[in-house]
Amino acid sequence: MKTDEEKLERIYRRTDGRCHICRKQLCFGNYGTLGKRGSWEIEHSRPRSRGGTDHLNNLYVACISCNRSKGNGTTASARAANGYRKAPLSKEKKTSNAWTGGAVGVLAFLFVPPPLRLAAAVVGGVVGAIVGNSYEPD
Ligand SMILES: [Zn+2]
């Protein structure tokens with residue numbers, strides 16, 4: 001598989017540099033360097049042996065131990081072993097979720113009568129952030 005720097009960066013940024021299985025922070029410069037701190041590999045969410053492709057949406061960052069211990073197993077069971085269901089969010093996604101939460105808070109502020117405004121804005125912001133965070137990549 002051809003892995004140029006730009007593709008590596010895109011895959012790395014998808015999860016904000018975190019292992020998609022155990023969420024450990026990884027070090028971009030230590031790609032493929034076994035034994036280095038934060039070293040990582042590209043992991044096929046659906047293994048090639050099960051028909052997975054080299055398409056970007058099947059590729060994730062994973063620490064080397066996670067990638068190798070997952071082997072031929074499924075992403076769902078590997079994540080579940082670490083107590084997770086979803087991949088970590090990218091930095092962009094986290095930022096946009098914060099904006100979604102903020103926007104919902106502002107709308108609540110505008111459409112709720114004054115005595116309840118502040119509470120509605122806070123509740124709206126929290127609900128917006130939760131709703132925004134539920135749209136995670138798988
Ligand atoms: Zn890991």
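**Figure 1. Confidence across the predicted model.** This protein is a predicted model, and its average pLDDT is 88. A score of at least 70 is reached by 92% of the residues. Which elements mark the two ends of the scale of mean pLDDT? Strand E2, residues 59-63, has the highest mean, at 97. Helix H5, residues 114-133, has the lowest, at 77.

Figure 2. The domain assignment divides the protein into domain 1, residues 5-81, and domain 2, residues 91-133. Taken over C-alpha atoms, the centres of domain 1 and domain 2 are separated by 33 Å.

Figure 3. Which residues coordinate the zinc ion? They are Cys 19, Cys 22, Cys 63 and Cys 66, each through its SG atom, at 2.2 to 2.3 Å. The angles among the four donor atoms run from 103 to 116°, and the site is tetrahedral. Along the chain, the donors follow the spacing C-x2-C-x40-C-x2-C. Cys 63 and Cys 66 are both buried.

**Figure 4. The buried side of helix H1.** Helix H1 spans residues 5-14, and its buried residues are Leu 8, Ile 11 and Tyr 12. Why do they sit on the same side of H1? They cover an arc of only 100° around the axis, so they share one side of the helix. What do the buried residues of H1 pack against? Their partners are strand E1 (40-44) and E2.

Figure 5. As a rule, most residues other than glycine have a negative phi. Asp 16 is not a glycine, yet its phi is positive, at about 55°. Asp 16 follows H1 and lies in the loop between H1 and E1. Look for Arg 23 in the loop between H1 and E1 as well. Phi of Arg 23 is positive too, near 70°, and Arg 23 is likewise a residue other than glycine. Is Arg 23 buried or partly exposed? With a relative accessibility of 25%, Arg 23 counts as partly exposed.

**Figure 6. Asn 67 and its surroundings.** Asn 67 has its place in helix H2, which covers residues 64-70. The relative accessible area of Asn 67 is 16%, so this residue is buried. Which residues does Asn 67 touch, leaving aside its neighbours within four places in sequence? Its contacts are Glu 41, Ile 42, Glu 43 and Ala 62.

**Figure 7. Trp 99 in helix H4.** Now we turn to helix H4, residues 91-111, where Trp 99 is found. Trp 99 counts as exposed, because its relative accessibility is 65%. How far apart are Trp 99 and Gly 128 in space? They are 29 residues apart in sequence and 8.8 Å apart from C-alpha to C-alpha.

**Figure 8. Val 127 in helix H5.** Our last stop is Val 127, a residue of helix H5. Val 127 has a relative accessible area of 42%, so it is partly exposed. Between Val 127 and His 44 there are 33 Å in space, C-alpha to C-alpha, and they are 83 residues apart in sequence.

Notes
Residues numbered from 1 in each chain as written. Predicted model: local features only at pLDDT ≥ 70, side-chain atom pairs only at ≥ 80, totals over all residues. Heavy atoms only, no water. Donors = N, O, S within 2.8 Å, 3.2 Å for Na, K, Ca; no water. Tetrahedral: all angles 85-135°; square planar, octahedral: opposite > 155°, others 65-115°. Buried < 20%, exposed > 50% of the residue type's maximum accessible area, 1.4 Å probe, protein only. pLDDT = per-residue confidence, 0-100. Helix = DSSP H or I, 4+ residues; strand = E, 2+ residues; numbered from the N terminus. Arc of directions from axis to C-beta. Contact = heavy atoms within 4.5 Å. Domains from an automatic or database assignment.
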